[in-house]
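Open your viewer and keep the selection tool at hand.

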Amino acid sequence: MRDRPASFWILSAVFALFVLFLYGPTLTIAILSFQGPTGGLTFPLNGVSLHWFRDLFEQQAVGDIWGSFRRSLALGLIVMVVTVVISVMTGLAFRTRFRGSSLVFYLAITSLIIPSILISLGVGILFNLLDLDVHWSTSGLGSQLTWTLPFGLLIMFAVFNRFDASYEEAARDLGASTWQTLRFVVLPIIAPSLIGVALFGFTLSYDEFARTLLTAGSYNTLPLEIYGMTTNVTTPVLYALGTLTTVFSFATIGLFALLMKVVLARRAR
Amino acid sequence: MSKVHGRGQALSAWLLSTPLIAVLTVFLLLPVALIVTVSFWQSSAYSYSPAFQFDNYGYLFGSPVTLSVYLRTLMFTGITWAVTLVLGFTVAWYLAFHVRTLPMQIGLFLLCTIPFWTSNIIRMISWIPFLGRNGIANSVLLDLGLVDAPLEWLLFSDFAVILAFVHLYTLFMIVPIFNTMMRIDRSLIEAARDAGASGFQVLRHVVLPLCKPGIMIGTIFVVTLVMGDFITVRFMSGGQSASVGRMISNEIGLLQYPAASASAVVLLITVLLMVGTLLRFVDIRKEL
């Protein structure tokens, strides 16, 4: 191995500091969530206990943490499925340059870059004028899709831009119908990317905040519940909740990574 | 992408994109159209009704607050953009050109992207024990004798707002820049070196120009996220600093929908103009 230049070591240090910057604060609250019962929001630790975690599982004075967690979970799963299905369909559509495709493409880009407050405000007005109640499963779902669909779509574009169409031609030459080609050739080939789209769909929804704030109605999702807590909870219970939901996010990412590994390993056989 | 093969294919393409178009029509186009419409309506104490008048805009442009809020938002955007660009470029440069094996590159890249899939609000909250009056930063500074009294401006200040933006959004620079860097033909860099270019010259005249599309895409993300933000500013400044997004969310909180709509229209136009300018430097469809 060649000797590394000095710049390598400097940049390695910068990178290490950056990673510390990314994870340091999260680690700090993970440590502080084990505060003793008399501990506060900052160091020092007044003993070590599970007090604040236990607090989470007991009757809450404010809000409904577990209800909001269940709603976030349900909404995340719905958003995930819808995002995968619609992204694949649109990805397939965009393999031919149909009339108006640019318009649809820029519509999706607009959905991604539009300030979230406009979605919140606009969907709020829409439901208000139609005399409908905003609810996480209707207005909340739609608002989140404006955020997750563009990501799913961009991934599908990247996938199909690299897709070797000769596999499909081979399948068709062997007499496969359009549906059979899709089901037995195209979908298995793009399966790992679909897991990626699903991960984006679920996690972006599970943590989504800005577009759901005014469109979720009276039943909060978890991020909204946490946001509400920041204004009136001044104990480490906030950190305990933050630690749990971060652990949940990591577990979700791990699960998807495992799933992807299984799919890739199956293919290698 | 292939050319249109025939009517059948075009029809199926249209049918396949219908669900996307339907969702975006109901939850993007229609809401934006309503915002534009309502921005001309009139409001009473707790409701609003159809009209066609320019009072909302008149009030918006007549208020001295508007300009200062926009300037502050632009300041947040400008500083965040500059810091995330330098930081993101450096990290991407390290990953693409200094890390030598692909598994290591992918591993470190994932290390940078994983926080993207965790909660933003938790990541903001996690700065409290670090920046607070009795936080880690102040303890360290006091112990080192660098300050005599705890710094008050670390948390709940403009500094904290920008720090949080950098913390949350540097990723949006790293990913597209890393992506363009990985596509640079390594022989170009060797050719430059053989021709006698220094490390800095390679960076300045070879890598930087080739990374322009990635930089532009990262810029679009960072600029639009910061321009429209209303939560980070509120939370990290402790409610003391203003931004355009916060102004709108306050108006919504007061149920002043026509006023909020007028502000939102002006914000949307501002953001679209900025993005439109940036898009002149990059063809997104070619970069995927």
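Here is the tour, stop by stop.

This is a predicted model: local features need pLDDT of at least 70, side-chain atom pairs count only at pLDDT 80 or more, and totals for chains, interfaces and linings use all residues. Residues are numbered from 1 along each chain as its sequence is written, and chains are lettered from A and ligands numbered from 1 in the order in which they are written.

**Stop 1: the two chains.** Color chains A and B. Their contact (C-beta atoms, placed from the backbone, within 7 Å) takes 75 residues from chain B and 70 residues from chain A. Now select helix H1 of chain B, residues 7-38. H1 gives the most to chain B's side, with 20 residues. Helices here are DSSP runs (H or I, at least four residues), numbered from the N terminus.

**Stop 2: a helix pair.** Select H3 (64-98) and H11 (212-227) of chain B. They pack at about 145°, axes 9 Å apart. Axes are lines fitted to C-alpha atoms over the stretch in contact, and angles run from 0 to 180 degrees between N-to-C directions. Show side chains: the contact includes B:Phe76 and B:Trp81 of H3(B) and B:Val222 of H11(B).

**Stop 3: a helix in chain A.** Which residues of H9 (222-232) of chain A are buried? They are A:Leu222, A:Pro223, A:Leu224, A:Glu225, A:Ile226 and A:Met229. Buried means 20 or more other C-beta atoms within 10 Å of a residue's own, all placed from the backbone. These residues pack against H3 (65-93) and H10 (237-268) of chain A, together with H5 (120-125) of chain B.

**Stop 4: one alanine.** Finish at B:Ala160. Among the residues that B:Ala160 touches are B:Trp127, B:Leu131 and B:Met236, not counting residues up to four places away in sequence.

Key
Helix = DSSP H or I, 4+ residues; strand = E, 2+ residues; numbered from the N terminus. Contact = placed C-beta atoms within 7 Å. Buried ≥ 20, exposed ≤ 12 C-beta atoms within 10 Å, placed from the backbone.
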